[in-house]
Amino acid sequence: MYVAVKGGEAAIANAHRLLADRRRGDRSLPAVGIDQIVAQLALAVDRVMAEASLYDRTLAALAVRQARGDMIEAIFLLRAYRTTLPRFGYSQPLDTAAMKIERRISATYKDLPGGQLLGPTFDYTHRLLDPNLLADEPVDEPMQRPAEQGRIMRVSEILDQEGLIEGDGVMPVDHEIGDLTREPLEFPMARDLRLQALARGDEGFLLALGYSTQRGYGRTHPFTGEIRIGEVEVEFDVPELGFSVSLGRIQVTECQMVNQFKGSAKAPPQFTRGYGLVFGQSERKAMAMSLVDRALRAEELGEDIVAPAQDEEFVISHSDNVQATGFVEHLKLPHYVDFQAELDLVRRMRRDFEAARDRGMDPMTEAAE
Amino acid sequence: MTELATYNFAYLDEQTKRMIRRAILKAIAIPGYQVPFASREMPMPYGWGTGGVQLTAAIIGPQDVLKVIDQGADDTTNAVSIRAFFQKVANVAVTTRTEEATIIQTRHRIPEAKLGPNQVLVYQVPIPEPLRFLEPRETETRKMHALEEYGLMHVKLYEDIARNGRIATTYAYPVKVAGRYVMDPSPTPKFDNPKMHLSDALQLFGAGREKRIYAVPPYTEVVSLDFEDHPFEVQRFDKPCALCGAEQVYLDEVILDDKGGRMFVCSDTDFCEDRRAHGHAGAMLASNGLASDGLPGGKEAAE
């Protein structure tokens, strides 16, 4: 009987106990360690950190283990922890030109200052399952190179020397950088908030939207100006001291998409830019983010808004996977009170329909009369 | 890493509570207006009552007595879960008895018993915008509210009548609050709409995912939208509650077997149980002695 699912606290407790059992799995096998997850499932950990907006590999790995590998559940766990943390202040903007680069590629120049560095990439691997990985075969030590010194100029700076690309842009003097975790979203939003939303947006959702722009739904003629992955220093602004202090280094992936632009009433012909920045190593997310960022600048650049990826309210309202999964999955909560109301209505309407039909009238026209 | 976090009383930090209380005060000052607030990530999913939980967390004190219902019942899983959450993070007294509660958090129902001036009813709201399914854009609907431009809603209700002979909205039936804002009462059945009108209790509405809070202060006019020739009417049930014999209450349909057998019982489990404790008995209770086997309002709910 349905009322049986009106479970008490005992049922919930038992369900969670069973969940804990399934999470642990076969007790004769050693439990997977947090340090193993950090080291060997590093990209899963990176995604959880990025979409949870919390840079902490240990906690992200804990979340992955606790969520049994369900990425959105892990992101949710880490977000719910993050939101309880006190806010001491804000960091200075990251200087990604000063990045300690592990990977850096440009698709727009054959060679450029700082060079092309493939780094640890899946690109050009043949996707053949590796039987050696079934066992724990030894792995060669990687080749090392001396770290570069100083800044590595960005592709946007090269193009900017000729004035062919738009600048970094400036916000009005009185513009304070928003914080979407502390203020409710309002549309239309400035680009700073939009980029924050995209940075924690669902990788799959942004990937699909970015892909849609390539297939003609809001085309942006993109070139990968540059992708760089590496470590940057985070400087924390301390107003009381009058200077900033270093908090340490974090790994980020930055993508600058260069987009052809014919010019409009609002802007001259020049290359425009889409920007992506993601915690950890996630090129796919950073590239998708930069495609969507550029598409969402349609209004600013005077382009026609014709496609989903250009529609700010549509994209930003639906990019958060923790929100999306909660609302989709809430459909499994009981709705029988509302359903009862609908049952009652459908029964009445069917009675009316059948009565009209029995009288030989067209039931649908009678309703209108 | 033994201690990840120590949580404040009622989970939220005091800064966040202050932010939410400000939004509540604004909502009370402008009845029916949806106040944007910086909704936090909560340790339960969006869509599962995070708005209501944030409101309750912001107003609850150690002296409060909390009741949580879902579909009118205290023993539905999510109500159990939310009640347990506040027991854990605020260590407050909880109850299933409507009259004992100072705060009642609800999803989809308003209790049958009349609420008093010392009670607050906190609604969990999925989609706070009554115009959302007519106009998906927030930028547009905010303008429509600002201009009191509610013609679209009346056209929708009119089209219902034209197509179906009656208004085909059975829950989340739109109301006008204090003669100004059209408001979504949350997905309560329209049966409950009249209870919102001139209520002695403060009514607070929280939508966590959509980041909105709104309110109906006590003794405020709440009028369900209708037409002179198609006045608003609530659902009526043919039979009384099979367990307690109550009439003029909202009933759940319970399927008894695979041969079409069914009974109708109170959706408000506390109300039903209270009536039975006072000697009222419905048809099924008298014949089958179903009082304590986990049916709605059965023994389990009381524990």
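This is a walk through a predicted model with chains A and B, going from chain A as a whole to some of its parts, and then on to chain B.

Let us begin with the overall build of chain A. Chain A has 14 helices and four strands. Along the principal axes, its C-alpha atoms fill a box of roughly 85 × 70 × 55 Å. How does the radius of gyration of chain A stand against that of a compact globule of 369 residues? The globule would be near 21 Å, but chain A has 26 Å. Of the 369 residues in chain A, 30% count as buried. If you look at contacts in chain A with a separation of 6 or more, 64% of them come from residues 24 or more positions apart.

Now to a stretch of helices. Helix α2 of chain A covers residues 34-40, and Ala39(A) has its place there. Is Ala39(A) buried or exposed? Ala39(A) has 12 C-beta neighbours inside 10 Å, so this residue counts as exposed; the cut-off for exposed is 12 or fewer. Ala39(A) lies 22 residues from Ala61(A) in sequence, and the C-alpha atoms of the two are 9.5 Å apart in space.

Ala61(A) also turns up in a meeting of two helices, α3(A) and α4(A). Two packed helices are described by the angle between their axes and the distance between the axes. For helix α3 (residues 42-52) and helix α4 (residues 57-66) of chain A, the axes come within 9 Å and cross at roughly 105°. Angles of 65 to 115 degrees count as roughly perpendicular, and α3(A) and α4(A) are therefore roughly perpendicular to each other. On the α3(A) side you will find Ala44(A), Val45(A), Val48(A), Met49(A) and Ala52(A), which meet Arg57(A), Ala60(A), Ala61(A), Ala63(A) and Val64(A) of α4(A). By residue type, this contact divides into nine nonpolar, no polar and one charged.

The strands of chain A are worth a visit too. Strand β4 of chain A (residues 272-279) is largely enclosed by the rest of the structure, because eight of its eight residues are buried. Both of its faces are covered. One side of β4(A) carries Thr272(A), Gly274(A), Gly276(A) and Val278(A), and the other carries Arg273(A), Tyr275(A), Leu277(A) and Phe279(A). Its pairing with strand β3 (residues 243-259) of chain A is antiparallel and runs over eight bridges. To find your way between the two, look for Asn259(A), whose bridge partner in β4(A) is Thr272(A).

Finally, let us see where the chains meet. The contact takes 43 residues from chain A and 54 residues from chain B. On the side of chain A that touches chain B, α1 (9-24), α5 (71-82), α12 (321-329), α13 (336-358) and α14 (363-368) each supply at least two residues. The largest share on that side, 11 residues, comes from α13(A). By type, the residues of this side of chain A divide into 21 nonpolar, 10 polar and 12 charged.

How values were computed
Residues are numbered from 1 along each chain as its sequence is written. Chains are lettered from A and ligands numbered from 1 in the order in which they are written. This is a predicted model: local features need pLDDT of at least 70, side-chain atom pairs count only at pLDDT 80 or more; totals for chains, interfaces and linings use all residues. Two residues are in contact if their C-beta atoms, placed from the backbone, lie within 7 Å. Ala, Val, Leu, Ile, Met, Phe, Trp, Tyr, Cys and Pro count as nonpolar, Asp, Glu, Lys and Arg as charged, and the others, Gly among them, as polar. The radius of gyration is taken over C-alpha atoms; the globule rule is 2.2 Å times the number of residues to the power 0.38. A residue is buried if 20 or more other C-beta atoms lie within 10 Å of its own, exposed if 12 or fewer, and partly exposed in between; C-beta atoms are placed from the backbone. Two strands pair if DSSP finds at least two bridges between them. Axes are lines fitted to C-alpha atoms, for helices over the stretch in contact, and angles run from 0 to 180 degrees between N-to-C directions. Angles under 35 degrees count as roughly parallel, over 145 as roughly antiparallel, 65 to 115 as roughly perpendicular and the rest as oblique.
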